[in-house]
Each structure stands twice: as C-alpha cells, then as structure tokens.
Amino acid sequence: MYDDLKAAATKLGGSKTYSIADDVNIISRRQNDKWGVFDEDWGFRIHDIPEEFRTETKYKNFILAKEEEREQKLILKSKPYQIDLEPTNICNLHCPLCSTGIGAKTREKGILEFNNFKKIIDEISDTVLQVSLQNWGESTLVKDFPKMIRYAADKKIFMRLSSNFSVKYTDEYFENFMNSGLGRLVIDLDGTTQEVYEKYRRGGDLKTVLDNTKKAVAFKRKNGLMYPIIQARMLVMAHNEHQIQDFRDIAEHIGVDEIDLGNIQLNPNTAAKDWLPKNKDHVYETYLGKRRTTPCHWPWSGMIIGWNGGVSPCAIVDDPDSDFGNVIKDGVSGVWNNDYYTSARSAWSKNNKISKLTICNVCKNDTHNPRLLRVGNSFSLTMNRNVSFVGMDKI
C-alpha cells in the first residue's frame, strides 16, 4: 500500500497528501470530474476545493484561464482564480529558512485593515476558487481574523490557512475561529518532540500546537462541522525525517482529516547541506541538479496580495521593489493586465511584449536555480543585493 501511495504522490511535486479516513492518497478520489484530470504540478490543485464552492461562473473562468495559459495570452479576459491574501506579515516564530524568521528587513510590518479586506473580497468573490490566508506572517495573531474569514465565507469562497498554531488563544477567539467558515486548516507539525520541533519552528511550543490541534478536532466533532478540513503537515528535513512515522501516528491518534508531507525550500547555495533530508523522495529534484524549464502558472492563475495591498508575482518573492502593483489603490482588475503582468507572461509567450524587467523574467520558473539571488539562507527570492537584517549590518 505504501509503495502505491508513494508512486501516486509523486505527481503532487513537493507535497504528498493522504486522507486519514481511508489511508489512500487524495488523488484516488478525483476521477470523472468535468473540471479536468488531476494534472496540476504545483501548489494549486483544483480538486482540493470541494464541489459546493465550484460554481458555474467560477468554472467558466477557470476553463478560460487554462485556455488562455495554454495559448500564452498576454492580456487576459479571465480573472485570477487563486489568490494568497496576507492578513499580516508579523510572526511569533523565527524559522531559519524564512525571510521573516531570520529578521530580514524586506517589507514594512503591518496588518490588513478589515475594510481593505472586504474591498478585495468583494472584487474577487465571483471568480476566485481559493483564497489562501497567509504569506509572510502568522495570520491568527490578527484580532479581526475570524471576522475576515466569516465575511469571505458568506460569499461562498473556499479559504485555506497554513498556521504554526503555536499561539495560546482565548476561548472566545478560538470558538469564533472554528465557526468562521474556514475551508482547510493546515497545521505545521515539523517534529514530534520539542527538541526536534523547535530546531526549525524556533520560538514555538509543541505542546501548545498539539493541544490546539486536539481542541480543533474536538470542536469540529462536537459541533458537527463539515469545515475546516484539518490537515497536519510536516516539512520533511534532515533533523526530523526519522520522525515521519511518529508524525503519522500522532496525527491519526488526534483524528485530523488529512496528513501532508511537504518538501522544504531553501537557499541551495548556503543551506542545502544542513537541512535537506537524506531520503530524496522528500527533496525537490531541482535541488538535485535538475533544472526546470516548464512555464510558470502564476502569471495566468493568480496573485499574492500583501497586507498593504502590494502584489507579488508568487509566494516565494519577498521584495517590495519587485511588486507588480497595489490592489488597494488600483483594484485587482487594474493590476491583472498591467505592464508588469504582460511582461511576466512574455517570459514564456511567443508574443513577447516586455516593457518591464520583472523578477519573473529572471527566474523563469526555475525557482531553485543556485544563480538566483535570495534573502539569507531562506528560499525567498529578491532582486535586492543589499537586504539588511535585524541586528546585523547589510550583506
């Protein structure tokens, strides 16, 4: 059974997701669906989104977007169908392979105002298939976060959250959070002992994470909630790969809905030796010398929106000077087909129309290429050679 699962999971690239209920890979439940075969080779997977959130309007937009991507159109009639919307870039942990965690002075710290959140949601609600509610911070630190989720949920938007869950929430906050309408809750569980867990999740408390996870599962069952789908996720690294089975056992004992084994991303020039696991099943091939030449999906599919409205072309770019615009100022539609986006799409299109040199034109979807400039040991891409760090001189 495990070999079958492993073989199927390779199609998911850097993420191997399993259902606790039947111990089979999620891929096996996605057949005969008009939205398409399970062929996504990146982070967005259409079949992760329950059917009740996939309206006919969203279907038409999604099919049009896929068609325009295949034709490498520069100006799109389709709207972004996946969006990462960041409530805050403030975090309570100090993960050593994250630009936030290492104290990089890249973006101003702040919190998304509720009125600005509503403005963005109102514009995207008819066509967006998934909103991921995080980027460079811990979203559950935001006081209004449950209210934000509820507002979007009432507009029938499926929302995903990845959280370190290492926060001591008040009972009121936790109840509001669990009743908010969140679609999928991904909980970072990168070790089964405090010593191993905190090697990466620095400043985190494993007991708090486990207690919160148990509480979330119990609350969901007690109140008969269909959502959130609760997923325990382990980023597999050199120091925790020996705990994979323990992680599975703990997750199943707690009763989460899914478990996920993810691949770590990092600076291949400075951090690979210390952090990549020995088991190459949990390492991106592009860290093993294989170069990526396939077009990137992001310029045709979605955008990353920071707490201040700044639009980043993808989730691993942490450089405000590489932003494509600002949706609070110009709206999503005002940014989606601007010169930055058309220039980015031109990196793979025969209809070349580059008027702006974007980070996409430099990266070209070969995100793990050692020649790309990064923020410290992190996976974060930048075009700024003079990033400074808290308590450090410029490097």
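Is Asn269 buried, partly exposed or exposed? In this predicted model, local features need pLDDT of at least 70 and side-chain atom pairs count only at pLDDT 80 or more, while totals for chains, interfaces and linings use all residues. Residues are numbered from 1 along each chain as its sequence is written, and side-chain values use heavy atoms, with hydrogens and water left out.

Asn269 is partly exposed, with a relative accessible area of 48%. Here buried means under 20% relative accessible area, exposed means over 50%, and partly exposed lies in between (1.4 Å probe, protein chains only). Asn269 is found in the loop between S7 and helix H9 (272-275). Between Asn269 and Arg371 the C-alpha to C-alpha distance is 8.7 Å, although 102 residues separate the two in sequence. A second pair of this kind involves Thr55, which is placed in the loop between strand S1 (15-19) and helix H2 (56-70). Thr55 is partly exposed, at a relative accessible area of 32%.

The protein chain as a whole contains 13 helices and nine strands. Helices (H or I, at least four residues) and strands (E, at least two) are DSSP runs, numbered from the N terminus. Of the 395 residues in the protein chain, 59% count as buried. Among contacts between residues at least 6 apart in sequence, 68% join residues at least 24 apart; a contact means heavy atoms within 4.5 Å.

Several strands are paired, where pairing requires that DSSP finds at least two bridges between two strands. Strand S5 (residues 184-188) and S6 run parallel and are joined by five bridges. One of the residues concerned is Ile187, whose bridge partner in S6 is Ala232. Strand S6 (residues 229-236) also pairs with S7 in the parallel sense, over six bridges. Across this second pairing, Arg233 stands opposite Asp260 in S7, and Leu235 stands opposite Gly262 in S7.

Because six of the six residues of strand S7 (residues 258-263) are buried, the strand is largely enclosed by the rest of the structure.

Some backbone angles were also listed. The peptide bond from Tyr227 to Pro228 is cis, with omega near 5°. Pro228 is found in the loop between helix H7 (206-222) and S6. Phe165 is not a glycine, yet it has a positive phi of about 55°. Its place is in the loop between strand S4 (158-163) and helix H5 (171-178). Phe165 is buried, with a relative accessible area of 0%. Asn365, also not a glycine, has a positive phi of about 70°. Asn365 is found in the segment after helix H13 (359-363) and counts as buried at 8% relative accessibility.

Rolling a probe the size of a water molecule over the atoms shows where empty space is left. On a 1 Å grid over the protein atoms alone, a cavity is a set of points where a 1.4 Å probe fits but cannot get out, and its lining residues have an atom within 4 Å of a point. Grid points are joined across faces, edges and corners, and a volume is the space filled by probe spheres set on the points. The count comes to one cavity of 30 Å³ or more. The largest cavity has a volume of about 50 Å³. Its lining is made up of Glu86, Arg107, Asn135, Trp136, Ile304, Gly306, Gly310, Val311, Ser312 and Val317. By class, this lining has four nonpolar, four polar and two charged residues. Ala, Val, Leu, Ile, Met, Phe, Trp, Tyr, Cys and Pro count as nonpolar, Asp, Glu, Lys and Arg as charged, and the others, Gly among them, as polar.

Terms used
1 Å grid on protein atoms, 1.4 Å probe; cavity = no way out; pocket = protein on both sides within 12 Å on 5 of 7 lines; lining within 4 Å.
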